[in-house]
Amino acid sequence: MSKADTIPGRPMIRALTGIRGIAAAWVVLFHFRVAVFGLLPITRHAKKWLDSGYLGVDIFFILSGFVISHVYTAELCRSDWRRYSRYLEARLARLYPVHLLFLLVLLAGDVLGIAKPPVRDSAVSFIGNVLMLQAIPPFQAWNGPSWSITYELGAYALFPLLAFALIRISKARSSFACAAVVGLLGAGLMALELSAPGARPYHTVPALLRITSEFAAGGLLHRGWSLLGRRRDRTWDVLALAALCCTVACLAWVPENYSYQILVVPLLAFLILACVRSAGPVAAFLESRVLQWSGRISYSLYMTHFTTLNLASLIILRWQRVAPYSLPVRIGALIAYMAFAITFAHLVYRFVEEPARRRLRRWFDGTRSGDLLPSVTLASSNDG
């Protein structure tokens, strides 16, 4: 085990925070794309890329494997129940407050008759959502995007098994080779599963394949990166741009079908690695203040945008009524919608997500202070 593996603290990987912000924006545009197309018909030329915006969740899964491995591998690769329980408490404090807040918001909307939850057996599903089981049948997610955090929490719970394997890899080449095998095999199996009629990426089997292969691939990429000494150079900027161009080209070329689009996930994994190792303009872009801010609020944006965009259509104006107006009016309406969602996410991050996380951590810690685990502040935002 290298010296770096035994140090409790970990340096911040700023590029990952920037990537999170971009991934969250991609997911938001995916869910709001019908309105985007209606208000700005010219964006239909980008339809294939907007239609594949659900792949932002796959980026989250890969990033989660990378980040959790970066912070916790050395702590959890050995049997220690106290450290494991503190680790789970920290992850729960990270995910649960925003999730619970929006469950209560949706419950209030249901009670007041403002909006009904878009699921069957709502009372039963609500209990499942409170227990974070919303992605497991027969429960259904009240807040659409929250399905992914069920699988995130499962990956966190099983991470010590991955840590036990990662710490035994001694060569970067071996770790990268394993990441390639896991990524390619996972993408192939997902493509096969999604080729079935009616299959969706958030259905149980595809979702399990996504979190298993992508979280593990992220962990393996981190191990290889760590064994290389975490050096950065401008060659990786070129590789990052090449991977981005290949991803864009592949999404333009493949049919608009989940089973084909999902095959670009290994490219996305390589893109993440290249961004982390970049030292030139790619790194500067991802580490810019705007990208860092967007990455910090990305979890709140991801979890709230379904509700806030629908709310914006009531407060501002339904986009269908704006569509017949002039281009400046339509652009203004679109900007207003997005500004509303982003501002709301920022407020949730500042006044709910971060304060609640800190308070829950303190509450979980109580009077114990001798074996605290490191805090995941290096790439905060959406671990799911």
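This is a predicted model: local features need pLDDT of at least 70, side-chain atom pairs count only at pLDDT 80 or more; totals for chains, interfaces and linings use all residues.
1. A crossing of two helices is called right-handed if the near helix is turned clockwise from the far one, and left-handed if it is turned anticlockwise, by less than a right angle.

2. Helix α13 covers residues 265-277. The helix has 13 residues and spans 19 Å from its first C-alpha to its last, which is close to the 18 Å expected at 1.5 Å a residue.

3. The crossing in which α2 passes α13 is right-handed. On the α2 side the contact is made by A15, L16 and I19, and on the α13 side by I272, C275 and V276. By class, this contact of α2 with α13 has six nonpolar residues, with no polar and no charged ones.

4. The packing of α13 with helix α11 (residues 235-253) has an angle of about 155°, and the two axes lie 8 Å apart. Since angles over 145 degrees count as roughly antiparallel, α11 is roughly antiparallel to α13. Here α11 passes α13 in a left-handed crossing, whereas the crossing of α2 with α13 is right-handed.

5. As to the residues involved, α11 contributes W236, L239, A240, A243, L244, C246, T247 and C250, which meet L267, L268, F270, L271, L273, A274, C275 and R277 in α13. By class, the contact of α11 with α13 has 14 nonpolar residues, one polar residue and one charged residue. C275 of α13 takes part in this contact and is also listed in the contact with α2.

6. A separate point concerns A46, which is placed in the loop between α3 (33-39) and α4 (47-51). Because its relative accessibility is 27%, A46 counts as partly exposed. A46 and A252 are 206 residues apart in sequence, yet their C-alpha atoms are 8.8 Å apart in space.

Note on methods: Residues are numbered from 1 along each chain as its sequence is written. Side-chain values use heavy atoms; hydrogens and water are left out. Axes are lines fitted to C-alpha atoms, for helices over the stretch in contact, and angles run from 0 to 180 degrees between N-to-C directions. Helices (H or I, at least four residues) and strands (E, at least two) are DSSP runs, numbered from the N terminus. Angles under 35 degrees count as roughly parallel, over 145 as roughly antiparallel, 65 to 115 as roughly perpendicular and the rest as oblique. Contact means heavy atoms within 4.5 Å. Ala, Val, Leu, Ile, Met, Phe, Trp, Tyr, Cys and Pro count as nonpolar, Asp, Glu, Lys and Arg as charged, and the others, Gly among them, as polar. The expected span of a helix is 1.5 Å times one less than its number of residues. Buried means under 20% relative accessible area, exposed over 50%, partly exposed in between (1.4 Å probe, protein chains only).
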